[in-house]
Amino acid sequence: MAEAKKNLATTSVKDGGDNKGALTKRKMAKAKKTKTKKVKLVKGDELTSALTIESHDTQAEKVVTARMQRLMDKASVRTEAAAAAPEVTIGAMKLTDIESKRYSDQEYAELLSIYEGTIKDIKEGEIVAGRVLGVTKDDVIVDVGFKSEGIIPISEFTEPINVKVGDQIEVFLEQIEDQNGQLILSKSKADFMKVWDRIHERYESGDLVKGRLVRRIKGGVVVDIMGVDAFLPGSQISLRQVPDFDALINTDMDFKIIKLNKSRRNIVVSRRVVLEEDREKKRSTLLKEIQVSQVREGIVKNITDFGVFIDLSGVDGLLHITDMSWGRIKHPSEMVSLGDTISVKILDFDEKTSRISLGLKQLTPYPWENIEEKYPVGKKVTGKVVSITDYGAFVELEKGVEGLIHISEMSWTQHIKHPSKIMNVGDKIDAVVLSVDKENEKISLGIKQMEPDPWDTIEHKYPVAKVVSGKVRNLTAFGAFIELEEGIDGLIHISDMSWTKRIQHPSELMKKGDKIDIKILKIDHENRRISLGLKQLQDDPWPKIAKKYAIGSECLGAITRVMDRGVLVELDGEVEGFVATNQLGKPDIENPAQAFNEGEQIPLQVIEFDRPAHKIVLSVDAYYKKRDHAEMDKFVTDHPTRSVSMADAMSGKSAELMQAAGGEETPAESTSVPSEEPTPKPENPSEDTPQG
């Protein structure tokens, strides 16, 4: 032994160069890059240090890192301390001497009994008593009398934390030792095991249990039942969806256990089942007592756009919006709120479907009783506008009684397009009762009747043949509306605008806002219409025109419009005439646009004159019929035929094609044929036709 210590105390210095052959390639490569210092201290009679330095070049031997220097300094300090310490002589002892020292069987048994007395006889899966040794932020340390303490997460204790050092508690021993030799304990499992039998009895019997909602979790709420946690799903809290779970925390309720799993310590409870059973009991009782015309109290359970659902002690009834008030309401929330207790009348009850119709307005008198006596025809009344539609306005005369002012009864003279132009909801107005229909609950009112009808004296103010001034208010395809005074309009039909010109649209002669003179032609008092004339301001020129353009007379005409069936020509700037396509001297054309352009003059002869219809028909063929063929040939040569497709002619593109083919530049015209007759006056003018 002494010799072994002596050998260990020796110091050996190895030279890397001498033993290079014995080293591996990896060690050789490492030896070239690094310098290794090895210091080994050995206690013994003599303490020496051995320093081995392996180096391959002289320059590397001089390099000493800071870490190596610290190690060298520490080794030197320990060496000096060992040298200063007094020498200790350790006696020699043989291994056989140690083995010979044994306890007797009696001594061993006594020692074993003493050790076992300090450890309780505990088994896994049982509830054991313990004492709290400490409470930390996250854990509670518990001594159960075993060789080591157990640690329980503090989350297993009820909040607020009600445990302190020294408390005696019961815990469940899950495992005697884990991989770290630690006891595995559980407070929640112990609580569960203590009350399991009671909970299971309640589950089997279907009895209710009391519990407190302690905290909200995902999908529901945790309920404390007999000191253990149970899960209350969100769908089982109430008969209807609960908007705010947090408002129920710390509330005590009765629950029914609907699911148990001992191995997973899973308890599911329901409040909804309790409420449904209670509702069914009340429902059975109510259905036996309920009768039509009964008045019962109920709680407003739900509000919709069409009505209110009332809870009548377990049975829901519908209070429709039309049965809430004799008057007009836009939404049920104007009269009731959720949770209100109100009295309602049973209007109808279906025993098969258990549907109940309720009424609220039926608790008050019927306002349409003796309505004819309260609002006789011709009576002036005052009311409030409660609704406006496109066709009129509804006026509330009293609660539950409304009258309609039709748009036609709002003004004698004004053209009202919408009632909102003269009144708004909430306005108080005066009106006259026009008719009363008690059976259908309708009252017709009028506000124009509050003033005299100006059409009663219209003939005196605007006699026939009188010339008056007016303002062009509107233009239509069949004429122009002229405002004679505010609210009084007259119509100039398009046929009464010119004696000689064929007017296609009133905009050719006037525009909106112009002030013009017109003559009163006719007054239709029954339909409230006034017919006006513009051409009647001048004498009829057709007697002179009839002499000038008698049948057979010849003249020059300037083409003003090219159409499919012919052309319109202007004769000396006085009157228009019509030349049919087959009378243009070009038998090879189907469309006048193939040979003629607007603005050019052609020789013509009158072949027809209709004075009543103000129509003159002319012909190129008739003009050249009495002349030499050379003149006719020259006319044909001057008007060569150009190709125009029928599709282009019908689409109104013939004029553009003629210009591209070398014709004169003329504005493109529609190829549709206007009627040769004057546009007839409309029997039923549009809504702009003046009416009272």
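Here is a short tour of this protein chain, from its confidence scores to its salt bridges. The model is predicted, and the chain averages a pLDDT of 76, with 75% of the residues scoring at least 70. The protein chain holds 15 helices and 32 strands.

**Where to read with care**
- Residues 1–23 have a pLDDT below 50, and this stretch has 19 contacts beyond near neighbours in sequence.
- Residues 32–63 also fall below 50 in pLDDT, with 57 such contacts in the model.
- Where pLDDT is low, the predicted coordinates should not be read in detail.

**The chain as a whole**
- Of its 692 residues, 36% count as buried.
- The accessible surface comes to about 42600 Å², and 49% of that belongs to carbon and sulfur atoms.
- Taking contacts between residues at least 6 apart in sequence, 60% join residues at least 24 apart.

**Salt bridges**
- The whole structure contains 17 salt bridges.
- Arg473 pairs with Asp489, their closest N and O atoms lying 2.4 Å apart. This pair links strand β23 to strand β25, 16 residues apart. Arg473 is partly exposed at 24% relative accessible area, whereas Asp489 is buried at 1%.
- Lys374 pairs with Glu398 at 3.1 Å between the closest N and O atoms, joining helix α9 to strand β19 across 24 residues. Lys374 is partly exposed at 32%, and Glu398 is partly exposed at 25%.
- Asp229 pairs with Arg215 at 3.5 Å between the closest N and O atoms, connecting strand β10 with strand β8.
- Glu554, Arg627 and Glu631 are linked in a salt-bridge network.

Key:
Residues are numbered from 1 along each chain as its sequence is written. This is a predicted model: local features need pLDDT of at least 70, side-chain atom pairs count only at pLDDT 80 or more; totals for chains, interfaces and linings use all residues. Side-chain values use heavy atoms; hydrogens and water are left out. pLDDT is the predictor's confidence in each residue, from 0 to 100. Contact means heavy atoms within 4.5 Å. Helices (H or I, at least four residues) and strands (E, at least two) are DSSP runs, numbered from the N terminus. Buried means under 20% relative accessible area, exposed over 50%, partly exposed in between (1.4 Å probe, protein chains only). Accessible areas come from the Shrake-Rupley method with a 1.4 Å probe; for residues, only the protein chains shown count as cover. A salt bridge is a side-chain nitrogen of Lys or Arg within 4 Å of a carboxyl oxygen of Asp or Glu.
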